Amino acid sequence: MEAHDGMYIDGAWRPAAGGDRIEVVDPATEQVIGRVPAGGAEDVDAAVRAARAALPGWAATPPAERAALLGAVRDAMAGRREEIAATVVAELGAPPAFAAAVHTDMPTAVMGSFAELAASHPFEERIGNSRVFQEPVGVVGAITPWNYPLHQIVAKVAPALAAGCTVVLKPAEDTPLVAQLFAEILHEVGLPAGVFNLVTGLGPVAGQALAEHPGVDLVSFTGSTAVGRQIGATAGAAVKRVALELGGKSANVILPGADLGRAVNVGLANVFANSGQTCSAWTRMLVDSARYDEAVGIATAAVAKYVPGERLGPVVNAKQRDRVRGYIRRGVAEGARIVAGGPDAPEGMETGYYVRPTVFADVEPGMAIAQEEIFGPVVVLIRYEDEEDALRIANGTVYGLAGAVWGGDEEEAVAFARRMDTGQVDINGGRFNLLAPFGGYKQSGVGRELGAHGLGEYLQTKSLQF
Ligand code: NAD
C-alpha cells in the first residue's frame, strides 16, 4: 500500500503539525519503502480531543451495534488479507506464509472474537440489592510494538471498542504501514469519526505525549520492560489506569518422561518463528542431566531447517541485529558453547538484517544469555538435576510471561506448571487459544489481553443500590 502522509484523526487523514518523517525500511532488502509523519505533542493532543469528543456517543451505542461494526471490521480484514500480509512482509521482513497465517489471520480472528464478546458480554449484573454496570473506562492511549504489529494493535483496539472506549493508537515506528492500513479499514466500515485515531511517531515524542496526556484514561502499552516501567510510573502519578505487556524469558521445561524429540523440535520452532521476536518465546530449554546431551544433538540437527531468507526472516532493523549478535558474542565470552549458528552474518546474506539461528549448550542459569531477553533466534539449553532444580531455574528470572512443560504424564506436567511464576503455560504442545488470558507475572507486565479477561481491562464498574 501507499503510505499516508497524514494522521488519521477525527475520521479523516490530516497533515501532521510538523514536517518530520519516519522512513520505513524493508529489513530483508534494507531499502526505504515508505515515509510516514513523525507526529508530536500537538498531533497527539488533536487526536485525544477527537477521542474525548466521540466518547459519549460511542459509549452509549448499544453493544449489539458495536459488535456489528467489529464484525464488519473482521470481514474487511479478511477481504484485505493479501494486502495486510504483503505489508507485514515488507515492513517486518516476515516470511510470506507466516505473515499470512499468523500476522494476518490471527488478528482477524481476534477481531472476530471481540465482535462476539461485545454481543454476548453481560454488561450488567445483579448483586443482592445492587445493579452493577460495566462501563467503558474512557479514552484509551494504545502504544504498540513492531514484533506482531497488527496483532498487538487489534489486541488493544478491538476490546477497547467492544467495551465502548475510544482510542488513540501510537504504533511502533518500524511498522506504521499496517497500522495505516488498519485505520483505512476502520474508516471504510463506517466507524464514527473520532472513535479511533492514529498518530504515527517516535516513542519518546509521540508515545510519551500520549502516555502523559491528561485526557487519556487508560494507557495500554506493549513493549520493553524499560519503557513499560516509565509508563507505569507516569500513569501511577496521574492515578490513571495502565495495562503493560512487557518482555519475557520463558522456560521450556522438558521433564524426564517427556517425548524428547517432539519437545526439542517444537521448542525450537517456537523460538525461531518470527525470527525470535516473540515476547512469549520459550528461549530457555530446560533438560534433565541424563538426557541433556541427547537434547543438544536433536537441537543441533533441527537448526538446519531454519534457513535464513527462507523459513527464517531477518530481524526488524540494524540495531536489533547488532544487539542480538552482541548477545551471541556475550554468550561465548561467558563460557557457553555454540552448537549451531553464531554471531556472523549467514552465508551469502550480507544484505538484510539476518541473524544465524543459534543454539547454546552448557549454559548456566545466571548467565546474561539465560537471564535477559535477546529478542532474536537464540535458544539456550540449560541442564537441571531434579524437578526442584528445574523449578528453581524456571522461576529464576525477573520475567514470567509464558512457558511450556512436557511430561510423560499430563497431570505431572500440570502440577509442575502450577508452580511456575508465569502467566501462560502450554502443556505437551498445547495450542494457542485466542480466548485465554495472555499476560505476565512479575516484570512481564500488569493486566491481561484477549478474551473476556482482555475486555475486562477496558471496563469499570458502577453499582446502583435499591
Ligand atoms: P519499545 O518499548 O522500545 O517500544 C514499544 C512501543 O513503545 C513503540 O511504539 C515505541 O515507539 C514506544 N515507546 C518507546 N519509548 C517510549 C516512551 N518513552 N514513551 C512512550 N512510548 C514509547 O519496545 P520494542 O523495541 O518496540 O519491542 C520489543 C520489546 O517489546 C521486547 O522487550 C518484547 O518482549 C516486548 N514485547 C512484549 C510483548 C508482550 O505482549 N508482553 C509483545 C511484544 C513485544
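Reader: Where is L455 found, and what makes it buried or exposed?

Author: L455 is found in helix α15, where helices are DSSP runs of H or I with at least four residues, strands are runs of E with at least two, and both are numbered from the N terminus. Buried means under 20% relative accessible area, exposed over 50%, and partly exposed in between, with a 1.4 Å probe and protein chains only. L455 has a relative accessible area of 0% and is therefore called buried. Its C-alpha atom is separated by 9.6 Å from that of A155, 300 residues apart along the chain.

Reader: What kind of model is this, and how are residues numbered?

Author: This is a predicted model, in which local features need pLDDT of at least 70 and side-chain atom pairs count only at pLDDT 80 or more, while totals for chains, interfaces and linings use all residues. Residues are numbered from 1 along each chain as its sequence is written, and side-chain values use heavy atoms, with hydrogens and water left out.

Reader: Why is E449 called buried, and what does its side chain contact?

Author: E449 has a relative accessible area of 8%, so it is classed as buried. Its place is in the loop between β19 (445-446) and α15 (451-456). The side chain of E449 makes a polar contact with the side chain of K156 at 2.8 Å. A polar contact is a pair of N or O atoms within 3.5 Å; within protein, one must be able to donate a hydrogen and the other to accept it, and residues adjacent in sequence count only if both atoms are side-chain atoms.

Reader: What makes T104 buried or exposed, and what does its side chain reach?

Author: T104, in helix α4 (residues 96-120), has a relative accessible area of 0% and is therefore buried. Its side chain reaches the backbone nitrogen of A85 at 3.4 Å.

Reader: Which residues are closest to the ligand, and which atoms of the protein lie by its oxygen and nitrogen atoms?

Author: The ligand is surrounded by 29 residues, of which K170, E173, S224, L246 and E373 are the closest; a residue qualifies if one of its heavy atoms lies within 4 Å. A polar side-chain atom of E173 lies 2.5 Å from an oxygen atom of the ligand, and a polar backbone atom of G203 is 3.3 Å from a ligand oxygen atom. A backbone N or O atom of L246 lies 2.4 Å from a nitrogen atom of the ligand. The protein covers 89% of the 840 Å² of accessible area that the ligand has on its own, by the Shrake-Rupley method with a 1.4 Å probe.

Reader: Which element gives the most to the shell around the ligand?

Author: That element is α7, with four residues.
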